[in-house]
Amino acid sequence: MGWPLAVSAGLLDKSPRALFRALWALAAGHLLATLLVLLPFALLLVLAEWQRSIQIGASLLVIGFGVYRLIDRRHPRALARIPQTQLALWSSAVAIAHGAALMLVPIYLGLCQAFELDAGHEAAGALMKASLGMAVLVSLVHVAAMIGAGGCLAWLVYRYLGLRFVSRSWFNLDMIWAASLVLVGAVALAFNLSSRQ
């Protein structure tokens, strides 16, 4: 029902171009609203249909990245000093990449059968299904716990140990991390290839 706004724009500017510009803006807004509602569900259907292929591809990607990190042992210097303006974006990207939020989607949507869940998963599902406010509260408590634990460690190292201790005692976990990526990717690939349906 935005057409009266388009008429108003045309009449105020005394130009049919203003009317058509307003119609384009209305169309873009309506399309955006429709896509925001429909695309998440469409993507879930695509994920369900292509689940096995996506899992195999993800396994190969994890193995490939692990092998790359085993070959290229240099620690990226760019991660040593990240500007404040990019920290939130980096944090969000890393949380998405390792599935911090995605791992809760099957529980939230009720895709896990009750008999397969332990008490912790059942409680999380019940909390998240209670209301949108409760889902937001669960997210806030998760973030507060993560930042609280990490923040305490960061403050203690910064305050009492300092840079000299960190640089002298630092041992490189990149090799262990890279090897674990290869191992986890290989196990996931083996499970996916053995469960042919």
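Start by selecting serine 59: with a relative accessible area of 4%, serine 59 is buried (buried is under 20% relative accessible area, exposed over 50%, partly exposed in between, with a 1.4 Å probe and protein chains only). Before you click on, note that this is a predicted model, where local features need pLDDT of at least 70 and side-chain atom pairs count only at pLDDT 80 or more, while totals for chains, interfaces and linings use all residues. Residues are numbered from 1 along each chain as its sequence is written, and side-chain values use heavy atoms, with hydrogens and water left out.

**Stop 1: around serine 59**

Serine 59 sits in helix α3, residues 51-71 (helices are DSSP runs of H or I with at least four residues, strands are runs of E with at least two, and both are numbered from the N terminus). Show its polar contacts next (pairs of N or O atoms within 3.5 Å; within protein, one must be able to donate a hydrogen and the other to accept it, and residues adjacent in sequence count only if both atoms are side-chain atoms). A polar atom of the serine 59 side chain lies 2.8 Å from the backbone oxygen of glutamine 55. The serine 59 side chain also reaches the backbone nitrogen of leucine 189, at 3.5 Å.

**Stop 2: the whole chain**

Zoom out and switch to cartoon. You'll see eight helices and zero strands. Of the 197 residues, 12% count as buried. For contacts with a separation of 6 or more, 56% come from residues 24 or more positions apart.

**Stop 3: the nonpolar patch**

Keep the surface on and select Trp3, Leu5, Val7, Leu11, Phe20, Leu23, Trp24 and Leu26, a nonpolar surface patch with about 890 Å² of accessible area together. Patches take residues with over 30% relative accessible area and no salt bridge, joining like charges within 9 Å and nonpolar side chains (Val, Leu, Ile, Met, Phe, Trp, Tyr) within 5 Å. Helices α1 (3-13) and α2 (16-49) each supply at least two of the patch residues. Tryptophan 24, in helix α2, is exposed at 66% relative accessibility.

**Stop 4: the loop and the salt bridge**

Next, pick lysine 14, in the loop between α1 and α2. Its phi is near 55°, a positive value in a residue other than glycine, and lysine 14 is exposed at 76% relative accessibility. Then pick arginine 21 and aspartate 13, which form a salt bridge with the closest N and O atoms 3.9 Å apart (a side-chain nitrogen of Lys or Arg within 4 Å of a carboxyl oxygen of Asp or Glu). A search of the whole structure finds one salt bridge. Arginine 21 is exposed at 53%, whereas aspartate 13 is partly exposed at 49%.

**Stop 5: an aromatic pair**

The whole structure has two aromatic pairs (ring centres of Phe, Tyr and Trp, the latter by its six-membered ring, within 6.5 Å; planes under 30 degrees apart are stacked, over 60 edge-to-face, the rest tilted). One of them joins tryptophan 155 and tyrosine 158: tilted, 5.8 Å centre to centre, with 35° between the planes. Both residues lie in helix α7 (residues 132-169), three residues apart, about one turn of the helix. Tryptophan 155 is partly exposed at 48%, and tyrosine 158 is exposed at 62%.

Terms used. Areas by Shrake-Rupley, 256 points an atom, 1.4 Å probe, with all protein chains shown as cover. Contact = heavy atoms within 4.5 Å.
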